[in-house]
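Here's a quick briefing to read with the model open next to you. Start with the overall picture, then work through the topics below.

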Amino acid sequence: MIREDLKKLLKSFKEEDYYKNVDLHIHSDLSDGKMSVQDIIGYAEKYNMHYISITDHNSLGAYYSSAENNNKIIEGVEFDCIHKGIFIHILGYGIDINNDEIKLLLAKNKSGSKNKIIRLLYLRDAKKVIEIIKKSGGVPVLAHPACYWAINLDKYIKSLIDTGLEGLEVYYPYKRLRGIFKFHKRKTVLKIAEKYNLIKTGGSDTHSKNYDNFSLTKLSI
């Protein structure tokens with residue numbers, strides 16, 4: 001998909017879509033999730049999802065297999081990054097999975113995608129990641145922004161915008177996943193997204209075996 005067309009598509013999704021038929025944050029067993037790629041595709045069919053994205057950590061393995069060329073799937077990845085001393089996750093949507101620079105950012109082995117300790121040892125520079133995502137035709141989005149220990153979240157996100165960030169994950173199940181590490185309110189994230197006219201995305205961030213109990217349609221955020 002052409003990058004501008006992808007941006008238009010992402011901008012077209014509303015909050016209610018993320019509770020009904022769009023989930024742009026799913027992990028498979030090729031990363032630290034528990035569902036196979038085929039399981040995820042099966043659940044997408046079961047729920048009549050319009051769009052999903054498998055966003056494995058530092059891995060595009062799902063897209064070199066059965067997820068490739070599925071018109072319900074937006075290519076995605078979640079990179080472990082560092083920016084101004086803070087560990088963050090950058091989601092890349094619609095990237096060219098065969099882009100050589102993107103491949104250089106990927107984990108060298110399964111541990112770099114599955115093992116949290118190994119992942120922390122190889123954090124990528126957020127500015128570089130954002131630049132490469134865009135050069136590869138993708139859209140860079142900051143995952144679960146309320147989780148980051150930035151005293152001034154607005155100022156912190158603005159510094160990422162200055163490097164090319166284009167979106168924020170606004171619709172996210174903090175209560176179920178990252179409640180302990182939630183330092184800011186979701187409404188703060190929404191206000192920042194609207195202030196800077198950023199693309200607003202959302203997803204379940206499921207790592208579960210059973211998507212039935214983990215989709216945003218069944219979660220309170």
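**The fold at a glance**

The protein has 9 helices and 8 strands; these are DSSP runs, with helices being H or I over at least four residues and strands being E over at least two, numbered from the N terminus. This is a predicted model, where local features need pLDDT of at least 70, side-chain atom pairs count only at pLDDT 80 or more, and totals for chains, interfaces and linings use all residues. Residues are numbered from 1 along each chain as its sequence is written, and side-chain values use heavy atoms, with hydrogens and water left out.

**Overall numbers**

- Of the 221 residues in the protein, 56% are buried; that means under 20% relative accessible area, with exposed over 50% and partly exposed in between (1.4 Å probe, protein chains only).
- Take the contacts (heavy atoms within 4.5 Å) with a separation of 6 or more: 71% of them are between residues 24 or more positions apart.
- The accessible surface comes to about 10,300 Å², and carbon and sulfur atoms own 51% of that; areas come from the Shrake-Rupley method with a 1.4 Å probe, and for residues only the protein chains shown count as cover.

**The core**

- The largest nonpolar core has 64 residues; such a core is a set of buried Ala, Val, Leu, Ile, Met, Phe, Trp, Tyr and Cys residues joined through side-chain atoms within 4.5 Å.
- Leu10, Ile88, Ile90, Leu142, Ile157 and Leu168 touch the most other members.
- Leaving out residues up to four places away in sequence, Ile90 touches a list of residues including Val77, Phe79, Val129, Ile133, Leu142 and Leu165.

- Helix α1 (residues 3-12) buries Arg3, Leu6, Lys7, Leu9 and Leu10.
- Those buried residues of α1 fall within an arc of 160° seen down the axis, so they line one face of the helix; the arc is that of the directions from the helix axis to the C-beta atoms.
- Among the elements covering them are β1 (22-26), β4 (86-93) and α6 (126-135).
- In helix α9 (residues 186-195), the buried residues are Val189, Ile192 and Ala193.
- They cover an arc of only 100°, so they sit on the same side of α9.
- Lys191, Glu194 and Lys195 are exposed on the other side of α9.
- The buried residues of α9 pack against α7 (153-161), β7 (167-171) and β8.

**Gly76**

- Gly76 lies in strand β3 (residues 76-83) and is buried, with a relative accessible area of 0%.
- Among the residues Gly76 touches, not counting those up to four places away in sequence, are Ser53, Ser59, Tyr63 and Gly92.
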